[in-house]
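Take a walk through this model, starting with the fold of one chain and ending where two chains meet.

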Amino acid sequence: MKVSMKVNGVERGGDIEPRVLLVDFLRTNLAQTGTHIGCDTTSCGACTVLLDGEPVKSCTLLAVQVDGRNITTVEGLASGSTLSPMQAGFHEEHGLQCGFCTPGMMLVGTALLERNPDPTEDEIRWAISGNICRCTGYMNIVKAIQHAAKAQAAAQAKISETVAVAGGE
Amino acid sequence: MFPAAFDYRAPASLDEALGLLAQQGDAAKVMAGGQSLIPLLKLRFAQPGMLIDIGRMRGLTGVSRNNGWITIGALTRHVDLERSRDLPGQLSMLPEAAHWIADPLVRNQGTIGGSICHADPSGDWGSVVLALDADLVARSVKGERVIHAADFFQGPFTTALRPDEILTEIRVTASSKPAGGAYNKLERKVGDFATVAVGVQVELDGGKVSKAGIGLTSVGATNIKATAAEKSLVGREPNDAAIAEAARLAAEAAEPKTDVRGSAEFKRDIVRVFVQRGLKTALARAKEARA
């Protein structure tokens, strides 16, 4: 069956069997291996991708289900060699050890800040509650997302300031 | 894990979906968000010849009010009910129940209708529709049929839906009196099925209970409607004695089994506690709705 979808802004597709899971389509057909397979039973969130901006588990979606839609994977977070604020937050706050859950955590964090730029710690913990980390105990993951939120707020303030100055001129 | 091979169709309209289902009958399986069905397909507990994906169909989403009914589209996602801020007060149980379903990622994809039709006795929406005394609207090529929630759940993963029917709406009578609900759930961790959960709904008329609904999750072969407990409340002033009596009767109606999540005795007692707690919250919400 023919499918086409946008993966990180690029039109991708192919002729695939309906039973192929999205995670396998991404990893095998597109060779985008940043999306991990952990439990394969809808429990761990290692396979998290954003579907039209919202985090979902790609081990529990058929590739044919997302025909015509937008997928963001961890490969889509950085622009060139510049890390996204979320990635920078995980780097600065040591938000990972083995890194297996990290793509999912960063995508969930990215979607959270898109919807709620200034989340409380409780809101962050609730947002990542579908993603399991077996190394860090979550402390630094929470800090990483808070770091990203602050960085984004600061960047936003700078933009507003620049606009205000430009407007003043 | 891969599902066994199947034919896949994503009909653009309900009529097209119903046509396919009329031809295929039991050989086809209807999928909405797929958050229960895809795991079953992967484990090959389900091996349908055809998968009819209605999740991409337009319509059947959202909450609307007309002709004295409040209608919830079967394809409304859990997350949309969890985040809805403009629901009528009598549906205060909905965002609360949605909040506890699976985890945030599953809630972004799973639907209320899919969950109800999956009929897992540990599913949360089953108890909600039982407590709300909802009507479930089913469509087939032959027309529309209304199934009372109390008649819908026939066994584990077994419903009153016929092989050619699709659940399209969940309907509740719009209440003109103060009404409110609450959903309490005990789970070992986020994403686990409920150890026990309880949905309760009350409607008040002049300081007395005019309607009561109680649905129990994970304590039987289906979600259980605690009918005796509901009846014990109706016509009474909802004081501590009445609440304790209803809680005792609901605990008696539960049929819990001892498993890794707890002993049968423990679960039965949690039912009692949750009915008590839920009724107090629901009553407060109903009174708030009046004010």
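**Chain B, then its partner**

In chain B, take the contacts between residues at least 6 apart in sequence: 65% of them join residues at least 24 apart. The model is predicted, and what follows is computed from it.

Chain B holds 11 helices and 14 strands. Its radius of gyration is 19 Å, close to the 19 Å that the globule rule gives for 291 residues, so chain B is as compact as a globular protein of that length. Along the principal axes, the C-alpha atoms of chain B fill a box of roughly 55 × 45 × 30 Å. Of the 291 residues, 52% count as buried.

Now the strands. Strands of a sheet pair through backbone hydrogen bonds, in either a parallel or an antiparallel sense. Chain B shows both arrangements.

The parallel case is an open sheet of 3 strands in chain B, in the order β1-β3-β2. β1 (7-9) and β2 (28-31) of chain B are the edge strands, and each pairs on one side only. From one strand to the next, the twist averages 20°. Look at β2(B) and β3(B): they run parallel and are joined by 4 bridges.

Strand β4 (residues 63-66) pairs with strand β5 (residues 69-73) over 4 bridges. B:N66 has B:W69 as its bridge partner in β5(B). The two strands form a hairpin with 2 residues between them. Which residue of this hairpin takes a positive phi? It is B:N67, with a phi near 50°.

Turn to chain A for a moment. Helix α2 (residues 85-92) of chain A has these buried residues: A:P85, A:M86, A:Q87, A:G89 and A:F90. Just after α2(A) comes another positive phi, of about 55°, at A:H94.

Finally, bring the two chains together. The contact involves 21 residues of chain B and 23 residues of chain A. Which elements of chain B give two or more residues to the side that touches chain A? They are α2 (37-42), β3 (50-53) and α5 (104-107) of chain B. α5(B) gives the most, with 3 residues. By class, this side of chain B has 13 nonpolar, 6 polar and 2 charged residues.

Terms used
Residues numbered from 1 in each chain as written. Chains lettered and ligands numbered in written order. Predicted model: local features only at pLDDT ≥ 70, side-chain atom pairs only at ≥ 80, totals over all residues. Contact = placed C-beta atoms within 7 Å. Nonpolar A, V, L, I, M, F, W, Y, C, P; charged D, E, K, R; others polar. Pairing = 2+ DSSP bridges. Axes fitted to C-alpha atoms, helices over the stretch in contact; angles between N-to-C directions. Buried ≥ 20, exposed ≤ 12 C-beta atoms within 10 Å, placed from the backbone. Rg over C-alpha atoms; globule rule 2.2 N^0.38 Å.
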